[in-house]
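Dear colleague,

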Amino acid sequence: MITVEHLTKRYGAVTAVDDVSFRCEPGTVTGFLGPNGAGKSTTMRMICGLSPVSSGSATVHGVAYGDLPNPGRQVGVLLDASAQHAGRTGREVLSVAAQLMGIGSRRVDETLERVGLAGAPAKRRVKNYSLGMRQRLGIAHALLGDPTVLILDEPANGLDPEGIHWMRGVLRDFADRGGTVMLSSHLLREVEAVADHLVVIGSGRIVADGPKDELLRSAGLVVRALEPDLLEKALVGAGIDARFAPDGTCTADAEAETVGRVAAGAGIVLLELRPADSGGLEEMFLRLTSAPTEQEVAA
Ligand SMILES: Nc1ncnc2c1ncn2[C@@H]1O[C@H](COP(=O)(O)OP(=O)(O)OP(=O)(O)O)[C@@H](O)[C@H]1O
């Protein structure tokens, strides 16, 4: 369990993380989503004790990361896959970490196998690794101590589609065995296939926090009509909040029955009426996380 309460980080006049609170529960993959510069890495660094907090607190299993006796045995962390020692081989990187954690070499071999780096790749120096291989080694490092919590910053970076599929399997399996997973991304599509819960951050503040399915349902309806102009008039007339894309597709914040009745009442032929999928959710997140307007800042 990760618990973040009123966490704030200021760099001079910049508030990178602003009164952020959320939880990542055991048995759950929590996707931590936000655009570039939203405050994801800063939040994760504070959880892992790498960056001092300005105020608030972050704990893992109720304890501040820095106070965990052997943190690697409880929390697997991947914050920057390029931070590994470039001159060491993949196996050496894991062996050094294993020694520090008091783990035997058999676990190193098992973990290399698990991330697909066993054999020749394990003997290559990290500087000769592709970004995807570094990411796999970073995930191996995080899994090495057999932790119960994983904290991964953009772990899909540099992975090819097969690698992404593999990583999702690892994270799903980890959570299904009761582990807690927090993974960040700036792309909803990257986490939606594996996350059960989403925490969305924009400009340092939490703008959405809930089960993925619930958030998907709240993303509205996709409506397409033979004559979009008539649909727009009818929905606006009924007081329904609706946004139209240039191709005439509408996203409406209403129940399907309400929209269906309004359309039927106006004699409009509907071509499509369905819950918005991740595209709708992404659109909602983009609206929620976009930088505040000057008016909002001034208010
Ligand atoms: N050491 C620092 N000094 C000053 N400002 C910083 C520092 N680190 C981060 N920031 C600022 O804090 C804000 C949040 O940055 P952060 O790296 O946490 O965002 P992010 O969501 O992880 O973005 P990205 O996806 O680009 O990594 C940004 O405005 C960034 O410029």
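This is a predicted model: local features need pLDDT of at least 70, side-chain atom pairs count only at pLDDT 80 or more; totals for chains, interfaces and linings use all residues.

**What was found**

Domain 1 covers residues 2-216, while domain 2 covers residues 221-276.

Some values describe the chain as a whole. The chain contains 12 helices and 13 strands, and its C-alpha trace spans about 70 × 45 × 30 Å along the principal axes. Of its 299 residues, 47% count as buried. If we take the contacts between residues at least 6 apart in sequence, 69% of them join residues that are at least 24 apart.

By the rule used for aromatic rings, the count comes to 1 aromatic pair. The pair is made by Phe 22 and Phe 32, whose rings are tilted, with 5.3 Å from centre to centre and 35° between the planes. Phe 22 belongs to strand 2 (residues 14-24) and Phe 32 to strand 3 (residues 28-33), so the pair ties together parts that are 10 residues apart in sequence. Both Phe 22 and Phe 32 are buried.

Is Thr 43 buried or exposed? Its relative accessibility is 0%, and because buried means under 20%, Thr 43 counts as buried. The side chain of Thr 43 also reaches the backbone oxygen of Gly 39, at 2.7 Å.

Which residues of helix 2 are buried? They are Gly 90, Val 93, Leu 94, Ser 95, Ala 97, Ala 98 and Met 101. The buried residues of helix 2 pack against helix 3 (105-114), helix 4 (120-123) and helix 5 (131-144). Just after helix 2, Gly 102 takes a positive phi of about 75°.

**Positive phi outside glycine, and a charge over a ring**

A positive phi is also found in residues other than glycine, including His 6, where phi is near 50°. His 6 lies in strand 1 (residues 2-11). Asp 146 likewise has a positive phi near 50°, but Asp 146 is found in the loop between helix 5 and strand 6 (149-153). At 53% relative accessibility, Asp 146 counts as exposed, because the cut-off for exposed is over 50%.

Elsewhere, the charged end of Arg 136 sits over the ring of Trp 166, 4.5 Å from the centre of that ring.

**Further along the chain**

Gly 248 lies in the loop between strand 11 (242-244) and strand 12 (250-252), and with a relative accessible area of 10% Gly 248 is buried. Not counting residues up to four places away in sequence, Gly 248 touches Val 223 and Pro 228. Gly 248 and Ala 86 are 162 residues apart in sequence and, from C-alpha to C-alpha, 52 Å apart in space.

Glu 283 is found in helix 11 (residues 278-289), where it is partly exposed, with a relative accessible area of 27%. Leaving aside neighbours within four places in sequence, Glu 283 is in contact with Arg 243 and Thr 251. How many residues apart in sequence are Glu 283 and Ala 219? They are 64 residues apart in sequence, and their C-alpha atoms are 8.3 Å apart in space.

How values were computed. Residues are numbered from 1 along each chain as its sequence is written. Side-chain values use heavy atoms; hydrogens and water are left out. Buried means under 20% relative accessible area, exposed over 50%, partly exposed in between (1.4 Å probe, protein chains only). Helices (H or I, at least four residues) and strands (E, at least two) are DSSP runs, numbered from the N terminus. Contact means heavy atoms within 4.5 Å. Domain bounds come from an automatic or database domain assignment. Rings of Phe, Tyr and Trp (its six-membered ring) pair if their centres lie within 6.5 Å; planes under 30 degrees apart count as stacked, over 60 as edge-to-face and the rest as tilted. A charge sits over a ring if NZ of Lys or CZ of Arg is within 6 Å of the ring centre and within 35 degrees of the ring normal. A polar contact is a pair of N or O atoms within 3.5 Å; within protein, one must be able to donate a hydrogen and the other to accept it, and residues adjacent in sequence count only if both atoms are side-chain atoms.
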